[in-house]
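Please keep the sequence and the model in view while we go through them together.

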Amino acid sequence: MDQERTGGRGHRHEDGPLAHGRERASGRRRGPGWRGHGIAESRLDGREPHHPRRPGSRGLPWRSTVLITLIVMAGTGFAARNQPDREAVDALGRALLLLGAAPLLFRYRWPVPVVFTVAAVTLGYLVAGYPYGPVFVLIAVACFAAVVRGHRTAAAWALGLLWTGHLLLSHWLYQWLPPAGDGPAPWGQELPAAAFAVAVLAASETVRVRREQRAQLRAERAAAERRRADEERLRMARELHDVLAHSISVINVQAGVGLALLDSDPEQARTALTTIKAASKEALGEVRQVLDTLRTPGDAPRAPAPGLDRLPELVEQAAATGLTVTVATSGPRTALPPGADLAAFRIAQEALTNVVRHSGSRTARVRIAYGSGRVDLTVDNEGPATGTEAGGSGNGLAGMRERAAALGGTIEAGARPDGGFRVHAVLPLRTEETS
């Protein structure tokens with residue numbers, strides 16, 4: 001019945017106790033007593049957990065670029081001493097090295113243009129006949145940045161073009177290019193060059209895969225945290241709804257009775273006020289119990305959770321609203337697991353609350369059938385539905401289904417063919433919980 005009215009009153013619960021709980025959970029009305037609930041506030045208020053920034057979102061990597069430049073400059077000087085047959089590293093050679101290192105400042109922002117630019121400058125350096133050696137560090141760094149950013153094809157093309165240019169220089173074009181008088185390079189040196197290219201690509205790809213795996217793990221952990229926060233928020237909302245809905249309904253009905261009889265029958269009005277006081281006291285106590293449970297993360301609740309042994313209290317409270325409830329049980333009665341016992345009690349409580357709110361029937365039947373590994377709970381009333389506005393958040397049936405589903409059970413709720421309304425819950429009893 002609650003579910004049928006949900007669409008037209010979606011805004012109402014924003015003023016109710018559930019909305020109050022959500023506001024506290026979201027931090028809008030958080031008080032001192034809500035600190036230390038064991039639930040990270042960043043998860044409850046919907047903020048995303050902190051993630052390290054991606055490389056492309058950082059500033060320019062000028063420190064590492066300067067260090068690489070210095071290493072290449074110094075290393076090239078040492079390499080030139082061991083390659084007297086190559087051109088001496090003059091101002092043009094130093095300028096080419098600087099020109100090849102400068103694009104590395106932008107290797108995270110524009111990795112593809114950078115890797116082709118560095119490859120072109122490196123090829124120009126080799127065309128000029130300058131020594132081999134540390135100049136290849138530049139193309140290695142550029143390829144690494146491109147691959148880890150997901151541009152391994154571009155990196156492979158850049159390396160391939162550089163290698164092809166080197167082949168042409170070493171074996172065909174050398175006679176028209178500096179240094180003068182040199183001969184063709186031995187084909188055997190191409191094998192280390194190819195191995196260098198493959199090693200750069202393989203190492204970069206390995207780093208990229210590991211980074212993606214770490215990012216996926218972080219995303220999975222963040223998703224798991226959000227899922228746990230959502231489940232906890234849902235549990236809090238469901239518990240507060242079930243705790244308050246029944247008592248508030250009783251208070252609402254008795255308040256109406258008290259107002260109607262205040263002048264004509266003061267004694268009945270006094271009785272209604274007494275019922276209101278008792279219901280409000282019980283609601284206050286259960287709310288405090290829920291809050292105490294939330295404030296003690298990891299600890300067992302200090303007060304026992306309600307179960308079907310408190311069903312007589314529901315019958316008594318329903319009687320105070322004018323609803324006569326009969327209870328029948330069948331099957332060998334067994335001790336229910338705490339989770340199933342609480343779910344059965346809350347489902348019966350919500351079903352009777354809905355009868356008080358939305359049904360014209362003044363009688364209801366509760367049947368509890370204990371079976372092998374399950375318990376069946378059925379709440380019937382003869383109807384008809386009043387169709388009048390009676391308050392409520394519209395989450396009653398949804399909450400009952402969630403409680404049953406959490407235990408692997410089911411809920412069927414709807415009008416009976418012969419009239420009235422029925423809520424039928426099947427709750428499995430897990431062996432490990434009953435032992």
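Predicted model: local features only at pLDDT ≥ 70, side-chain atom pairs only at ≥ 80, totals over all residues.

**From one residue pair to the whole fold**

Residues are numbered from 1 along each chain as its sequence is written, and side-chain values use heavy atoms, with hydrogens and water left out.

Helices (DSSP runs of H or I, at least four residues) and strands (runs of E, at least two) are numbered from the N terminus. Two strands are said to pair if DSSP finds at least two bridges between them.

With those terms, the protein chain comes to 13 helices and five strands.

**The sheet**

In what order do the strands of the open sheet lie? The order is β1-β2-β3-β5-β4, and the pairing is mixed. At the edges are β1 (324-330) and β4, each of which pairs on one side only. Neighbouring strands are turned by 10° against each other on average, direction ignored. Such angles run from 0 to 180 degrees between N-to-C directions, and the axes are lines fitted to C-alpha atoms, for helices over the stretch in contact.

Now move to β3. β3 pairs with β5 in the antiparallel sense over eight bridges. Along this pairing, Arg374 stands opposite Pro428 in β5, and the bridge partner of Val375 in β5 is Leu427. β2 also pairs with β3 in the antiparallel sense, over eight bridges. Here Tyr370 stands opposite Val375 in β3, and Ala369 stands opposite Asp376 in β3. β2 and β3 form a hairpin as well, with two residues between them; Gly373 in the turn has a positive phi of about 75°.

Is β3 enclosed or open? Seven of its eight residues are buried, so β3 is largely enclosed by the rest of the structure. Buried means under 20% relative accessible area, exposed means over 50%, and partly exposed is in between (1.4 Å probe, protein chains only).

**Helices on the sheet, and the core**

Which helix lies across the strands? α11 lies across β1, β2, β3, β4 and β5, running at about 175° to β5. α12 packs on the sheet too, touching β4 and β5, and its direction makes about 150° with that of β4.

This brings us to the nonpolar cores: sets of buried Ala, Val, Leu, Ile, Met, Phe, Trp, Tyr and Cys residues joined through side-chain atoms within 4.5 Å. The largest has 35 residues, and among those with the most contacts inside it are Leu323, Leu352 and Leu427. Elements giving two or more residues to this core include α11 (338-358), β2 (363-371), β3 (374-381), α12 (396-406) and β5 (421-428). α11 gives the most, with ten residues.

Leu352 touches Leu314, Leu323, Val325, Ala364, Val366 and Val379, leaving aside residues up to four places away in sequence. A contact here means heavy atoms within 4.5 Å. A second, separate core of 32 residues includes Val72, Val89, Leu126 and Leu162.

**A helix pair**

Please turn now to helix α5 (residues 111-127) and helix α6 (residues 135-148), whose axes come within 9 Å and cross at roughly 165°. That makes α5 roughly antiparallel to α6. By convention, angles under 35 degrees count as roughly parallel, over 145 as roughly antiparallel, 65 to 115 as roughly perpendicular and the rest as oblique. The crossing of α5 and α6 is left-handed: the near helix is turned anticlockwise from the far one by less than a right angle, whereas clockwise would be right-handed. The contact includes Val118 and Leu126 of α5 and Phe136 and Ile139 of α6.

α6 is mostly covered, with eleven of its 14 residues buried. Those buried residues pack against α3 (62-81), α4 (91-101), α5, α7 (152-173) and α8 (190-261). Just after α6, Gly150 takes a positive phi of about 95°.

**The chain as a whole**

How much of the protein chain counts as buried? Of its 435 residues, 41% do. Among contacts between residues at least 6 apart in sequence, 74% join residues at least 24 apart. Thank you for your attention.
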